[in-house]
Amino acid sequence: MKKIIIAIDGYSSSGKSTMARDLAHRIGYVYVDSGAMYRAVTLYALRHGMVSDGKVDKDALIAALPEISVSFTPAGSDGVQHTLLNGEDVEKEIRSMEVSGMVSPVAVIPEVRHHLVALQRSFGEARGIVMDGRDIGTTVFPDAEMKVFVDASPEVRAERRVKELKEKGEDVDFGAVLANIKERDYIDTHREESPLTKAVDATVLDNDNMTIPQQMDWLMNLYEHTIHDK
């Protein structure tokens, strides 16, 4: 069976990473979390003093890009792959609120996007890949055979994010998380370089009131129809 590229875009904390990872596992494809790549670069900037008073030292970060390597471990028995920053497992660190608060300002830097988009495209050369993010169906893989745009209200996404962080032992405030999500939505949709937008040929998945199994059924149905039509 011919392998395809599946692009899943959507707002932050909309559940797109979970569904992309689960779909890839189910159909035997490679999963790439593009958002984790931007988080890893953000973590690098924070660790190296490139962030001050909520501002990113763009020149310093751009100069450091050749030294920043982002890769992934193979998925373990739990189906989860970990993000590596210059060979170090930083999966837990990149999910912190500190990184969440700075990832959008880092991601709007054109040189950062160009650097990571080139890497993301290299991952898809063999096809058979599921990648999620903000601009996968519009910029990274505009010719992807299957495109999904995931939507959900900010409040529902904040509830999911709070639950996720608390399960990891972090003490977080719903109001702060909601404010962070709304701020990221604004930055993601208003940046000049590859703003978050639905590809014209993407299918919208509004998962406000859907369970994870229901989402998977929806995705598998779309996948099977896409494969059948190719």
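Predicted model: local features only at pLDDT ≥ 70, side-chain atom pairs only at ≥ 80, totals over all residues.

Leaving aside its neighbours within four places in sequence, Ala40 is in contact with Val70, Thr83, Leu85 and Ile94. The place of this residue is in helix 2, which covers residues 34-47.

- Between the C-alpha atoms of Ala40 and Val99, which are 59 residues apart along the chain, the separation is 8.6 Å.

- Strand 1, residues 5-10, is mostly covered, with 6 of its 6 residues buried.
- Ile5, Ala7 and Asp9 point one way from strand 1, while Ile6, Ile8 and Gly10 point the other way, and all of them are buried.
- In a regular strand, side chains alternate between the two faces of the sheet.
- Strand 1 runs parallel to strand 8, to which 5 bridges join it, and within this pairing the bridge partner of Ile6 is Val130.
- With strand 9, residues 146-151, strand 1 also pairs in the parallel sense over 5 bridges, and here Asp9 stands opposite Phe149.

**Helix 5**
- The 14 residues of helix 5 (residues 110-123) should span 20 Å at 1.5 Å a residue, and the end C-alpha atoms are 20 Å apart, which agrees with that expectation.
- Val112, Arg113, Leu116, Val117 and Gln120 are the buried residues of helix 5; because they cover an arc of only 120 degrees around the axis, they lie on the same side of the helix.
- An α-helix has 3.6 residues a turn, so residues three or four places apart point the same way.
- The cover over the buried residues of helix 5 includes helix 2, helix 3 (58-64), helix 4 (97-107), strand 8 (129-133) and helix 6 (136-140).

**Nonpolar cores**
- The largest nonpolar core has 37 residues, of which Val41, Leu61, Ile68 and Val112 touch the most other members.
- Two or more residues of this core come from each of strand 1, helix 2, helix 3, strand 5 (70-72), helix 4, helix 5, strand 8 and helix 6, and helix 2 gives the most, with 8 residues.
- Ile68, leaving aside its neighbours within four places in sequence, is in contact with Val41, Tyr44, Leu61, Leu85, Asn86 and His115.

**Aromatic pairs**
- The structure holds 3 aromatic pairs, one of which is formed by Tyr29 and Tyr223 in an edge-to-face arrangement, with 6.2 Å from centre to centre and 85 degrees between the planes.
- Tyr29 lies in the loop between helix 1 (16-27) and strand 2 (30-33), and Tyr223 lies in helix 9 (residues 212-229), so this pair ties together parts that are 194 residues apart in sequence; both tyrosines, Tyr29 and Tyr223, are buried.
- The rings of Phe72 and Phe123 have centres 6.3 Å apart and planes at 65 degrees, so this pair counts as edge-to-face, for which the angle must be over 60 degrees.
- Because Phe72 lies in strand 5 and Phe123 in helix 5, their pair ties together parts that are 51 residues apart in sequence.
- Phe123 itself counts as partly exposed, because its relative accessibility is 29%.

Terms used. Residues numbered from 1 in each chain as written. Heavy atoms only, no water. Helix = DSSP H or I, 4+ residues; strand = E, 2+ residues; numbered from the N terminus. Contact = heavy atoms within 4.5 Å. Expected span 1.5 Å × (residues − 1). Buried < 20%, exposed > 50% of the residue type's maximum accessible area, 1.4 Å probe, protein only. Arc of directions from axis to C-beta. Pairing = 2+ DSSP bridges. Core = buried A, V, L, I, M, F, W, Y, C linked by side-chain atoms within 4.5 Å. Phe/Tyr/Trp six-rings, centres within 6.5 Å; stacked < 30°, edge-to-face > 60°.
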